[in-house]
Amino acid sequence: MMPKLGNLRLFLVKPMKIFWVLGVIIVLISWQKVDCFEGLNVTEMVAYDEQKYGWVLDNKPLMVGLTLISSAAAKGAVCLDGSLPGYHLHRGYGSGANSWLVQLEGGGWCDTIRNCVYRKKTRHGSSKYMEKFLAFPGLLSNKLSENPDFYNWNRVKIRYCDGGSFSGDSQNEKAQLYFRGQRIYSAAMEELKSLGMRYANQALLSGCSAGGVASILHCDEFRSLFPGHTRVKCLSDAGLFLDAIDVAGHRTMRKLFGSLVRLQGVGPHLPRSCTSRLNPIMCFFPHRLIADVKTPLFLVNAAYDAWQIQASLAPASSDPQGKWYACKLNNAHCSAPQMRFLQGFRRQMLGAITRFGKFRKNGYFINSCFAHGQTERQDTWRAPGSPHIGNKGIADAVGNWYFDRAETKIIDCPYPCDRTCHNLVFQHL
């Protein structure tokens with residue numbers, strides 16, 4: 001499905017460390033699996049510098065139980081293996097009792113029968129393997145100090161078990177695979193509406209990585225669930241995947257998305273504003289969709305996205321001699337020509353949001369970090385030492401945009417000017 005990182009140890013510079021466990025990498029931040037890193041197969045353990053950052057290790061995030069959608073089976077809204085999809089819901093209270101934050105889980109994609117057969121025996125392909133309880137840090141935190149704008153909302157994480165960013169609708173009988181992401185999304189929305197979301201006065205759809213793609217794909221659909229007077233907006237974190245040329249002159253992401261769109265029957269569910277003029281494969285790329293999304297949309301993205309560098313810009317298939325190996329492990333080891341290549345990628349990303357940014361309703365926070373996913377982790381969302389551009393952190397930027405406190409379009413200066421980044425660094429065992 002995704003390129004393996006080999007026999008490496010991954011560290012998160014400032015303030016986290018990551019360790020391999022039996023050759024398999026699982027991301028844990030404050031005992032939470034962080035979905036944005038799934039495509040990188042990374043295992044991360046919290047190692048806060050308490051004196052420097054003022055954290056205490058027993059400050060565990062809220063753990064929220066899994067609920068399966070019992071009505072989904074009758075609608076054919078099932079995971080890759082045919083099991084029921086699910087979600088985690090923590091109820092809001094007080095001023096947030098009638099506000100809803102819905103987060104679409106991320107975790108890479110499966111684009112071949114072989115990869116999807118493997119995936120259906122994991123938590124991203126079957127509810128049989130999903131955790132019964134999931135941590136809610138960052139954007140989902142229930143603590144005022146950690147999440148001042150959304151802490152007391154109804155906060156939901158919809159589990160990701162279709163491998164196609166909640167967008168496919170087909171099946172493969174021989175392999176006993178169900179590609180029902182679109183149906184899962186619809187069934188989950190119906191369930192949440194029945195639980196009170198239909199009466200929301202405020203709603204925010206979010207997602208990270210593959211979930212960030214899904215939040216863009218479903219943004220206007222999400223808006224249509226509510227009456228006109230409801231404030232509805234969408235947030236995509238680390239979802240700005242580009243149709244970029246890799247170090248060998250290939251288009252690795254186009255190949256991946258092309259296989260995915262064909263296998264999972266995604267085409268009919270992509271926005272007509274795009275498919276009426278472009279091949280559906282091109283319309284799975286978020287940068288070709290964002291300017292036509294009618295609902296207000298906010299993008300949080302690292303300009304040097306760690307997942308895209310690893311998996312789409314310098315994958316092993318395009319770097320057989322390993323010239324990019326040291327650079328991929330640690331950005332400090334990139335040569336001058338390699339940094340020029342990555343600066344070109346940053347310029348391509350900024351160019352991709354130009355038309356999108358002309359609309360007042362939209363916003364973005366593009367920092368010059370080597371990271372992937374910053375809203376679902378407490379250390380990058382809102383914490384002592386969290387990433388900032390000027391005097392604005394990510395939580396502040398998103399809140400200002402959502403509540404119309406300020407027009408929020410913030411772009412960082414190029415690397416290496418930002419000293420607040422929590423960069424990912426990979427090291428040999």
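Asp246 is found in the loop between strand E10 (231-237) and helix H6 (252-264); helices (H or I, at least four residues) and strands (E, at least two) are DSSP runs, numbered from the N terminus. The model is a predicted one, in which local features need pLDDT of at least 70 and side-chain atom pairs count only at pLDDT 80 or more, while totals for chains, interfaces and linings use all residues. Residues are numbered from 1 along each chain as its sequence is written, and side-chain values use heavy atoms, with hydrogens and water left out.

Asp246 is buried but has no salt bridge. Buried means under 20% relative accessible area, exposed means over 50%, and partly exposed lies in between (1.4 Å probe, protein chains only). A salt bridge requires a side-chain nitrogen of Lys or Arg within 4 Å of a carboxyl oxygen of Asp or Glu. Lys and Arg count as positive and Asp and Glu as negative, whereas His and the chain ends are not counted. The nearest side chain of opposite charge to Asp246 is that of Arg251, 9.1 Å away.

The side chains of Asp246 and Thr252 are joined by a polar contact of 2.7 Å. A polar contact is a pair of N or O atoms within 3.5 Å; within protein, one must be able to donate a hydrogen and the other to accept it, and residues adjacent in sequence count only if both atoms are side-chain atoms. Not counting residues up to four places away in sequence, Asp246 touches Thr252, Ser312, Leu313, Pro315, Ser318 and Phe341, where contact means heavy atoms within 4.5 Å.

## Asp243 and its arginine partners

Asp243 is also placed in the loop between E10 and H6. Asp243 counts as buried, at 4% relative accessibility. Its side chain makes a polar contact of 2.6 Å with that of Arg254 and another of 3.2 Å with that of Arg288.

Leaving aside neighbours within four places in sequence, the contacts of Asp243 are Arg251, Arg254, Met282, Phe285, His287, Arg288 and Gln348. The C-alpha atoms of Asp243 and Phe284 are separated by 9.9 Å, and these residues are 41 residues apart along the chain.

## Disulfides

Taking a disulfide as a pair of cysteine sulfur atoms within 2.5 Å, the count comes to seven. One of them links Cys327 and Cys334, with sulfur atoms 1.9 Å apart. This link is right-handed, with 80 degrees about the S-S bond. Cys327 is buried at 4% relative accessible area, and Cys334 is buried at 12%.

Another disulfide joins Cys369 to Cys421, S to S 2.0 Å, and is left-handed with -75 degrees about the S-S bond. Cys369 lies in the loop between strand E12 (363-367) and helix H12 (378-381), and Cys421 in the loop between strand E15 (409-411) and strand E16 (424-428), so the pair ties together parts that are 52 residues apart in sequence. Cys369 is buried with a relative accessible area of 0%, and Cys421 is buried with 6%. A further disulfide, between Cys413 and Cys417, has an S to S distance of 1.8 Å and is right-handed at 105 degrees. Cys413 is partly exposed at 37%, as is Cys417 at 34%.

## The chain as a whole

The protein chain has 13 helices and 16 strands. Of its 429 residues, 61% count as buried. Among contacts between residues at least 6 apart in sequence, 75% join residues at least 24 apart.

The protein chain exposes about 16300 Å², of which carbon and sulfur atoms supply 54%; accessible areas come from the Shrake-Rupley method with a 1.4 Å probe, and for residues only the protein chains shown count as cover.
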